[in-house]
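Thank you all for coming; I would like to walk through one protein this morning, going from its overall make-up to a few of its parts. Please have the sequence and the model open while I speak.

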Amino acid sequence: MNKKYDGLNALVLGAGVSGVWAARLLLSRRCRVTVLDEGKVKFGIRNEELGIRSCWQGALPDEAFDVCVASPAFALGHRWIVECAARGIPVISELELGAHYWCGKILAVTGSKGKSSLVKLCANTLNAAGIAASPAGNYGIPLCQLVLEQSDVNQTKKMWAVTEVSSFQMEHSPTFHPQIAILLNFQPDHLDRHADFAEYRALKMRMFANMDKLAWPHQKGSCAVSRDLALFPSGVDVDPAILERTTCERFGDAPDCDWRYVPSAVRSKHYCEETAPLGSWPIAGAWFDNGVLGLAAAAAVPALLHAGVGARAIEEGFKNFRPLAHRVQTLGTDARGVTWVDDSKATSLTALAAALRMVKKPVRLIAGGVLKENDLTFLKEVLAETTQKVYLIGECAGKMADVWASSVPCEIYGTIECAVSAVAQDAQRDETVLLSPGTASFDQFSSYRERGERFARLARAVAGL
């Protein structure tokens, strides 16, 4: 059956992972494909590979493109995006393209912190319960890749794409429609990309714009069909139009939530499975009691129940869950009683503040890198309450020192190697050494993963972990 983007003259901006798979999916749909990128070949697209025309660092080709698929790295103000708008070329995201051709169901997760962990928890639990699922989007594989890898249409219809969705992707995803959608939390982030917090918030909320109450086939259980489910954290204002169109429930730690997180359990206010009332789901282990994962669990329970997973399978999913690396990850406690924690994934100041509140106090903090926000002052209070000293690295070290020095001792070390060496000398028994940069990593590292791995190696070397 022909679909909207079949057989078009398509332009793909970006030869990274998402661009590669968007180009390959378009090619499989009989499109003429041109890939345009500002850098060098990154992930294997070569000139004329599979019939794809590649251009590097040039101007937008002077021809009549029917559609442009833009990788998330291209901001709305990028010259190529602006030129597409001027020439009347519709711009969509890789996520939008993949979702258009995906014939399974989508469980989508957005928010400012904890998205990847929630995607992993849901995908693993679905698979363990015998319901086919794959992580996709920003965590997992591009949705276009998942479309190409699932050749059995009948099997794919039963499958869930558990998809991490960013605000960048929602800039160009006008018809994206998940059957289950979770807004995990809201914190100021990516304000170097978006005009302000209001724009960032609106892009997150756009993920729910196409959800409705149309029935879709249920996986198992007593109900033959189910309806779209939108899950929001307690206290977040939701557009009345979304509330009218969609089944909405609240999660959090407030007593009036539909799904409430309490230490080591998630409690339901109203849910029943057949005739057996289910009051709470015990959460095994200490993973969830750090504040972020606990609230993620309160969102995961209704999402998984709605997708057809039974209560016992959800309990097993919690029991078997292990969090992702570089997210408030305890590396170990050394012989002196100093605990070393890797939170390299903290690329925003609000994530840094959350980490300071989670870990054992007092803290010796390593922070700095490429700052994405302008307001550093709101951290002064939590730093004064939790932190012995800040060891500053990277591009914004001087700015952080200027703002924070009146609340906590700050010293600039420049590199992570120098900071770790110094903190190893200073740290005392029962203190925590925390890498939680509060920034992007691209001044000194290729990614937050490389930054966290470097810290872990250094910590093990100096502390004998």
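This is a predicted model: local features need pLDDT of at least 70, side-chain atom pairs count only at pLDDT 80 or more; totals for chains, interfaces and linings use all residues.

How many helices and strands does the secondary structure of the protein come to? It comes to 16 helices and 24 strands, where helices (H or I, at least four residues) and strands (E, at least two) are DSSP runs, numbered from the N terminus.

Residues are numbered from 1 along each chain as its sequence is written, and side-chain values use heavy atoms, with hydrogens and water left out.

Of the 465 residues, 56% count as buried, meaning under 20% relative accessible area, with exposed being over 50% and partly exposed in between, for a 1.4 Å probe and protein chains only. In soluble globular proteins, nonpolar side chains tend to be buried together.

Let us turn to a sheet. It is open, with six strands in the order β19-β20-β24-β21-β22-β23 and mixed pairing, where two strands pair if DSSP finds at least two bridges between them. Its edge strands are β19 (329-333) and β23 (410-414), each of which pairs on one side only. Inside this sheet, β20 (residues 339-342) and β24 (residues 432-435) run parallel and are joined by four bridges, with D342 standing opposite L435 in β24. Helix α16 packs on the sheet, touching β19, β20, β21 and β24, with contact meaning heavy atoms within 4.5 Å.

Which residues of α15 meet α16? They are I416, E417, V420 and A424, and they meet R451, R454, F455, L458, A459 and V462 in α16. The residues of this contact divide into seven nonpolar, no polar and three charged, counting Ala, Val, Leu, Ile, Met, Phe, Trp, Tyr, Cys and Pro as nonpolar, Asp, Glu, Lys and Arg as charged, and the others, Gly among them, as polar.

Technical notes
Axes are lines fitted to C-alpha atoms, for helices over the stretch in contact, and angles run from 0 to 180 degrees between N-to-C directions.
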